[in-house]
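Subject: Structure for you to look at

Hello,

Here is the structure I said I would pass on.

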Amino acid sequence: MIRHLDNATSILASFLLFLTCGLTLADVVGRNIFSQPIPGATELTELALVGITFLIYPRLALRQQHIVIDLLDNFMPTFARRMQQVLTGALGAVLFGAIGWRLVTLAGRAMDYGDQTGYLKLPIYPAFYFMAVMSLITAAVFVATIVLAFTSDSSAFDYDDTQQNPGVE
């Protein structure tokens, strides 16, 4: 189940990235060759980047692929590495939980005020709610990594796609 959700969010983020590349290419060609940029391309790109970014946060948390400094990892005993995973999970859960909570508040405020994008006049509260939900999901994933740190196999969440899909890293 988790793998399917992980794959689905990855595919959706990849699709958004592909659309963003196509939109940017079309906008640049239209701007430079035809002197006619795509109206609202900047706003659509910004919204797509929100989608891409927040879709991959749970995946990064689950796989523990966030930015790390691993100078001492080879010298640390297993217990210390597990405690490091617990601390990382707790910190990530608290931070993403706080981000999600604040984004829910901002989304409600944006909805009440009728905030919109500048050119296309798209409401921005759905983007805030999306970011809030994905942040809260990421916080839950960080909590799950804490639980998994205490399982007998600490690599339970370090699955490797390269075995199933050669060339994927």
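Does Lys 121 count as buried, partly exposed or exposed? Its relative accessibility is 49%, and the cut-off for exposed is over 50%, so Lys 121 counts as partly exposed. Keep in mind that this is a predicted model.

Overall layout

The protein chain has 4 helices and 0 strands, and from the N terminus on its elements run α-α-α-α. Of its 169 residues, 30% are buried. Among contacts in the chain with a separation of 6 or more, 71% are between residues 24 or more positions apart.

Helix 1 covers residues 2-32. Its 31 residues should span 45 Å at 1.5 Å a residue, and its end C-alpha atoms are 45 Å apart, so the two values agree. The buried residues in helix 1 are Asp 6, Ser 10, Ala 13, Thr 20, Leu 23, Asp 27 and Gly 30. Helix 2 (41-63) is included in what covers them.

Helix 3 has 36 residues. From its first C-alpha to its last, helix 3 reaches 52 Å, close to the 52 Å expected. Its buried residues include Arg 82, Gln 85, Gly 89, Gly 92, Phe 96, Leu 103 and Ala 110. The buried residues of helix 3 pack against helix 2 and helix 4.

Helix 2 against helix 4

Two packed helices are described by the angle between their axes and the distance between the axes. For helix 2 and helix 4 (residues 125-149), the axes come within 8 Å and cross at roughly 10 degrees. Angles under 35 degrees count as roughly parallel, so that is the term for helix 2 and helix 4. On the helix 2 side, the residues in the contact include Leu 47, Val 50, Phe 54, Tyr 57 and Leu 62. On the helix 4 side, they include Phe 130, Met 134, Ile 137, Val 141 and Phe 142. By class, the contact of helix 2 with helix 4 has 15 nonpolar, 4 polar and no charged residues.

Aromatic rings

The structure holds 4 aromatic pairs. In one of them, the ring centres of Tyr 57 and Phe 96 are 5.2 Å apart and the planes are at 65 degrees, so the pair is edge-to-face. Tyr 57 lies in helix 2 and Phe 96 in helix 3 (residues 78-113), so this pair ties together parts that are 39 residues apart in sequence. Tyr 57 counts as partly exposed, at 27% relative accessibility, whereas Phe 96 is buried, with a relative accessible area of 16%. Ring pairs link Phe 54, Tyr 57, Phe 96 and Phe 142 into a cluster.

Positive phi angles

Which residue follows helix 3, and what is its phi? The residue is Gly 114, and its phi is positive, near 75 degrees. Further on, in the loop between helix 3 and helix 4, is Lys 121. Lys 121 has a positive phi of about 60 degrees although it is not a glycine. Ser 35, in the loop between helix 1 and helix 2, is also a residue other than glycine with a positive phi, near 50 degrees. With a relative accessible area of 58%, Ser 35 is exposed.

Regards

Terms used
Residues numbered from 1 in each chain as written. Predicted model: local features only at pLDDT ≥ 70, side-chain atom pairs only at ≥ 80, totals over all residues. Heavy atoms only, no water. Helix = DSSP H or I, 4+ residues; strand = E, 2+ residues; numbered from the N terminus. Expected span 1.5 Å × (residues − 1). Buried < 20%, exposed > 50% of the residue type's maximum accessible area, 1.4 Å probe, protein only. Contact = heavy atoms within 4.5 Å. Axes fitted to C-alpha atoms, helices over the stretch in contact; angles between N-to-C directions. Parallel < 35°, antiparallel > 145°, perpendicular 65-115°, else oblique. Nonpolar A, V, L, I, M, F, W, Y, C, P; charged D, E, K, R; others polar. Phe/Tyr/Trp six-rings, centres within 6.5 Å; stacked < 30°, edge-to-face > 60°.
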